[in-house]
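Open the model in your viewer and keep the selection panel at hand. The stops below say what to select next and what is there.

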Amino acid sequence: MNLTRKVLVRLSLTLGVVLLVSITLSYSLILKTFLTIEHENLNTNTLRAKNALENIINNTSIKLADWSKWDDTYNFVKSHSQEYIDSNLYPDSPLNLKLNSLLIFDGSSKLISGVYVDLKSQKSLPIPDYILDFFTKTNPETIKFVNQNDKHAGIFLHDGLPIIFAANPVTDSLGAAKPNGTIVFTRNVDADLIQEINELSQNKVEFSTDLSVWNNTKQDLIISTINANTQKSFTQIKDFNDHPILTMTITRDRPIYTSALKTLSFFTFIIALSFIAIIIVNHRIIKTTILDPLATMIRQVSQITVQQNFTYRLPEFSGNEFALLSQTLNSMFEKLDQSKSTLEEKISFAEKTNRAMINILEDERDLENKLKTQHDKSQILINSMGEGLLVIDTGYKITTINPVAEKLLETTAAKAIGKNWSEFVKTTKGDSVTPLEERTFAQVLQSGSTIITALDDDHYYLTPSGKKFPITSITAPIIDNEKIVGAIKVFRDATPEKEEKGIIEETVKKRTQELHEEKARLTASINNLPVGFILTDILGNILISNPNASNILNLSPFPATITELQTHLESTLQTDLENCFQNKSPVEVKDQVYNTQVLHLFISPIVVPTDIQNCIGAVILIQDITEAKVLERSREEFFSIASHELRTPLTAIRGNTSMILQYFKDRLEGNVLDMIKDIESASIRLISIVNDFLDVSRLEQGRIEFKKSNFDPIDLIKHVIEEFQASSSQQKVLVQLDLSTTENIPPVFADPDRTHQVLMNLIGNAMKFTENGDITIALSKKDRFIEITVTDTGRGIPLENQKLLFHKFQQAGNSLYTRDTTKGTGLGLYISKLIVEGQGGKIYLIKSSLETGSTFGFTLPIFQN
Amino acid sequence: MIKILIVEDDPLISRMYQKIFSFENYTVEVAENGEEALVKIRSAKPTIVLLDVMMPKMNGLQVLEKLKSDPDTKAIPVIMLTNLAGQQDAEKALSLGAIKYIVKSQYEPKQIVDMVKEILAGYTRDEVPSATS
């Protein structure tokens, strides 16, 4: 920082501090005094406003005294005369007194009469309940007096509205009589009253019921500064019980504070202005007398120093300290100038000599370093190579050998260098030793071109100790001035690679073999599949088909695409295949007729099990089921024909035995009669077995047409029960219909004869397995079906046998050897199942437990109009 | 005496029906096939005919058609005899003018006699047998 600026800064800082201190002091002292005055002023005003409110309350009390010590009032309380009411208690009385109400109570605090007005509209209103409640209920002590000179006055709050009241005992004008009642004045603290308080106290007064400002203080007056122009004071207003109910707020302007502030600002401004003037004047004086000449001299001297020009001289300053200084400096420069020129000559010579020497030394060192680095580099390179390195001259003498080569060839550099290479190591190709002239070094020295021997060339080195190892190598000529001066060979022990290669070759061979075997197995499997096998890609091209496929389809040549195959088959194969691809799930085509054959096609997608489940094609299996179909049909037909053919002779046996029993019974002796009877019952049982077989075969083949009609199932059940009651009178089993379940059962749509058969079967079964007890039939409505249940109290079905129910030939719980043949073929439930399902219903076991019985149920569709 | 003609190709069944109707004091005539039946009906003039549906030479339905188209024979009531498999043919026979059909294996001989009796009782009341079903 130069002197000019330093002087300026110090001067400004000093005066700035003085200015700050004086302003701070004057503000704190003077303004504090003004604030105290302002505070006291606000205090006074607040008290004035509070007093104004108290005066209003007192005035009300004073006005009341006129009425309470009035003989007329005293007498009125006694007599309740209408005359008093008419002449005094009309709206004008409170209006004149600027009151809201005037009330008179008797000694037992009961209102005798009163009047209430609205001061604004000047109209009489009914006395509000909250006023009466206040005096008679919530605060009855306010109108109770013993002594005639007592009185109560104060303020209370109702629903945010402050109300002033005064209550005096009613006594005579002398004030001697005992109080016989109470007279009360009330006045609402309305806008008019607040205006009155404002005028009395010369303030702006507001009342609020918000008491939160008093929460954390014990003061009863709080002053709050809102901003530079406004102040507020808060005072508590207490009710007649001394409870704070209101906050009175006074808002005042701050003329004292603002004018004080203005004065102070002006004062500060004047001081600051005079300080700035002092700074400017001082600075100018110092600058012209001292700083400027000094700056000139500095500039001149620095110019001399920078330019090293000691011939330059300072200007003359006139008649002060600066003139003396410039003369002294000038004489000094003169002496310096003389000695400088001698010195310069000497230095120049020394420097030249020095530079020449340095140059020579540096060149030499560079050269040496370069050579050394070069040498080191190649040495390191050679020594750190993973391969063996050999250099020979034209006489096949070894000139260089690196450590790897030493190790591999089992020698040392000392022994090897200078020796003939061929004495050192023999080369073999496979097992035969390579002649000298064919060795790589010889070839390279002769031809001058590089030779590389790879793993497959099968070169080996044989050391004098007999060690033999495979090598790979590069041999290159060393050429100097277009003349071969030697050769360099880099080689490595290729044992690991050789072994690895062997292993890889072995593995590849093995894998290939495995692959061939796998393929052979797969081909054999596919070709020997008993079904036709076709493999397609996603586009429907046939990739593989086995001989069976062409045999079954009898197509030669075999189609190349699915489209082509489809035209032969006259099927929807293409669509099926697309569905299969799309859904990635197998598609089965049953009973595809092809010429005289029946085929079964199974199309299965080939899905690559990656994230996206890519479908890459499909396998189509073709099965010729013609034979199976024929067999199935002939078996069904056999069953049907056999049963038919059995019936005629059986009918003859049964008919003839029944005729014998009917017409010749008395001619037969006991044993013969028994035998005939056995023949009859045997034929009856056989007929029923044959009937069952026929039913099964016809139901299975769908040859039974259900004659559906709408009928009432209840009628049918009743009919079946009657049939059972007729035939089973000797049994102790009761068959009954649960009548509580028969209401609101609509007609069903089914074959009545077949339904009859099902019911007979279920009830018949129940009877077979129930020695003693009930069989109950019940109905219920289930959605669009009627469910009929048959419940018995018989021996029940063991859990392990329950799943066998409803299967062909399954009589629950019996093996072929232990089955009870007297109880039927075991086809009953199976037939019932075929019938019920054929009619669109379901049949099932609802529950069964051992010793307590079983419940079977079946459903029939409700008749829909 | 009521004369009944039994037309049935299976001798076992035929003999059984001959016996029961003899026991019940009917005059019994027998035919083994359709052609024979037509001859017997015209010669013997039976009161009622039991006519099997499935027969060699001429089947029951063809016989029935011929009977019903001949004014001499069309008043003779005909009951069709059938097995379970021929039920549909038997129903067709009803539309051709047979009175009833009986599935042979479902009834005992005595029950068949009862049925014939019941039918004839109706006819004797009405005197003129009607061939409509």
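**Stop 1: a helix in chain A**

Select R521(A), which is partly exposed, with a relative accessible area of 47% (partly exposed lies between buried, under 20% relative accessible area, and exposed, over 50%, with a 1.4 Å probe and protein chains only). Helices here are DSSP runs of H or I with at least four residues, strands are runs of E with at least two, and both are numbered from the N terminus.

This is a predicted model, in which local features need pLDDT of at least 70, side-chain atom pairs count only at pLDDT 80 or more, and totals for chains, interfaces and linings use all residues. Residues are numbered from 1 along each chain as its sequence is written, chains are lettered from A and ligands numbered from 1 in the order in which they are written, and side-chain values use heavy atoms, with hydrogens and water left out.

**Stop 2**

Select E497(A) and R492(A), whose side chains form a salt bridge at 3.4 Å, N to O. E497(A) is partly exposed at 29% relative accessible area, and R492(A) is partly exposed at 35%.

Next, select K468(A) and D431(A), a salt bridge with the closest N and O atoms 3.1 Å apart. K468(A) is in strand β17 (residues 468-480) and D431(A) is in the loop between β13 (426-429) and β14 (432-433), so the pair ties together parts of chain A that are 37 residues apart in sequence. K468(A) is partly exposed at 37% relative accessibility, whereas D431(A) is exposed at 71%. Over all chains, the structure holds 22 salt bridges.

**Stop 3: a buried threonine**

Select T182(A), in strand β6 (residues 181-188) of chain A. Is T182(A) buried or exposed? At 2% relative accessibility, T182(A) counts as buried. Its side chain reaches the backbone oxygen of I143(A) at 2.7 Å. Residues that T182(A) touches, beyond those up to four places away in sequence, include L103(A), F105(A), F145(A) and P169(A) (contact means heavy atoms within 4.5 Å).

**Stop 4: where the chains meet**

Show both chains. The contact takes 19 residues from chain A and 18 residues from chain B. In chain A, R647(A), M659(A) and Y663(A) lose the most area to chain B. Now select E108(B) and R654(A), whose side chains meet in a salt bridge at 3.5 Å, N to O. On the side of chain A that touches chain B, α17 (626-663) and α18 (670-700) are the elements that give two or more residues. The largest share, 13 residues, comes from α17(A).

**Stop 5: chain B**

Chain B has five helices and five strands, which follow the pattern β-α-β-α-β-α-β-α-β-α along the sequence. The mean pLDDT of chain B is 84, and 89% of its residues reach 70 or more (pLDDT is the predictor's confidence in each residue, from 0 to 100). Finally, select residues 128-133 of chain B, where the pLDDT is below 50. Where pLDDT is low, the predicted coordinates should not be read in detail.

Terms used
Buried area is the accessible area (1.4 Å probe) that two parts lose on being put together, summed over both. A salt bridge is a side-chain nitrogen of Lys or Arg within 4 Å of a carboxyl oxygen of Asp or Glu. A polar contact is a pair of N or O atoms within 3.5 Å; within protein, one must be able to donate a hydrogen and the other to accept it, and residues adjacent in sequence count only if both atoms are side-chain atoms.
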